Structures are given as structure tokens and as C-alpha cells.
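Consider the model shown here, and follow its backbone and its aromatic side chains in turn.

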Amino acid sequence: LEDVFPEKKHFFVSGNCDFFDTEPSDKAFEIEGFKFFITHGHPYGVKTSLDRLISHAKENKVDCVLFGHTHIPICEKIDGMLILNPGSARQSFGIIEIEDGKINGCTMDVY
């Protein structure tokens with residue numbers, strides 16, 4: 001990604017199989033006044049339920065939650081928060097747009 005979009009800022013988190021990665025498994029940051037929370041998802045049990053992840057996001061007043069681990073695309077608003085899992089890197093991706101003070105997103109299939 002850094003080679004393709006060198007002018008853009010990149011955020012990374014480690015996954016459940018990244019044993020030697022120095023990145024944390026989750027991060028919070030702001031873009032254009034919106035608070036983002038990114039995680040691989042496994043520490044929050046996302047394969048079973050999104051409840052712990054959403055609860056954590058609500059407690060931290062997050063506007064957008066990005067997660068993975070399940071490899072299943074999801075993009076929906078829950079209690080005003082954008083919840084997005086782009087799916088599997090070879091099959092789908094996510095898009096987030098911030099426009100007119102609103103944040104929206106979607107997932108798209110590669111094929």
C-alpha cells in the first residue's frame with residue numbers, strides 16, 4: 001500500500017498469525033474529526049459475535065470501527081457507528097468516504 005499510495009497515511013495492526021509483528025492488535029486515531037478504531041478482531045471474539053467489539057467502540061466514543069479476522073465483508077451503521085470489515089484481501093475491499101461532515105462506507109468484491 002505504501003508503494004501504491006505513498007502520499008497517504010497508513011495504519012496497521014497485527015493479526016492472530018503475526019507472531020513476530022511489532023504492531024499492536026488494535027489502534028485508535030482521528031481523521032477529519034472522526035474517531036477510528038482498527039483491530040484485527042480476534043481479541044474481541046468477532047467470529048462469534050460483534051458485541052464485545054461494539055461495546056468497546058461505544059465506551060470509547062468511536063465513529064468508525066474497522067476489523068478483520070472473519071474474512072467476511074460487512075458494512076453497516078450500528079447506533080450511528082460505521083462498522084466495516086473489508087473481507088478477504090484477495091476477494092474484497094472496503095471504502096470509507098468522509099464528505100459534508102458525514103462518514104459512510106461500503107464493501108466491494110474484487111471480481
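This is a predicted model: local features need pLDDT of at least 70, side-chain atom pairs count only at pLDDT 80 or more; totals for chains, interfaces and linings use all residues.

A residue counts as exposed when its relative accessible area is over 50%, as buried when that value is under 20%, and as partly exposed in between.

D100 sits in the loop between β6 (92-99) and β7 (102-109), and because its relative accessible area is 73%, D100 is exposed. The phi angle of D100 is near 55°, a positive value in a residue other than glycine. Another such value is found at E32, where phi is near 50° and the residue is again not a glycine. E32 belongs to the loop between β1 (26-31) and β2 (34-39), and with a relative accessibility of 63%, E32 is likewise classed as exposed.

The aromatic side chains come next, and the count of aromatic pairs comes to three. One of them joins F11 and F29, whose rings are stacked, with 3.6 Å from centre to centre and 0° between the planes. Because F11 lies in the segment before β1 while F29 lies in strand β1, this pair ties together parts that are 18 residues apart in sequence. F11 is partly exposed, at 29% relative accessibility, whereas F29, with a relative accessible area of 13%, is buried. Taken together, F11, F29 and F36 make up one aromatic cluster.

Technical notes:
Residues are numbered from 1 along each chain as its sequence is written. Side-chain values use heavy atoms; hydrogens and water are left out. Helices (H or I, at least four residues) and strands (E, at least two) are DSSP runs, numbered from the N terminus. Buried means under 20% relative accessible area, exposed over 50%, partly exposed in between (1.4 Å probe, protein chains only). Rings of Phe, Tyr and Trp (its six-membered ring) pair if their centres lie within 6.5 Å; planes under 30 degrees apart count as stacked, over 60 as edge-to-face and the rest as tilted.
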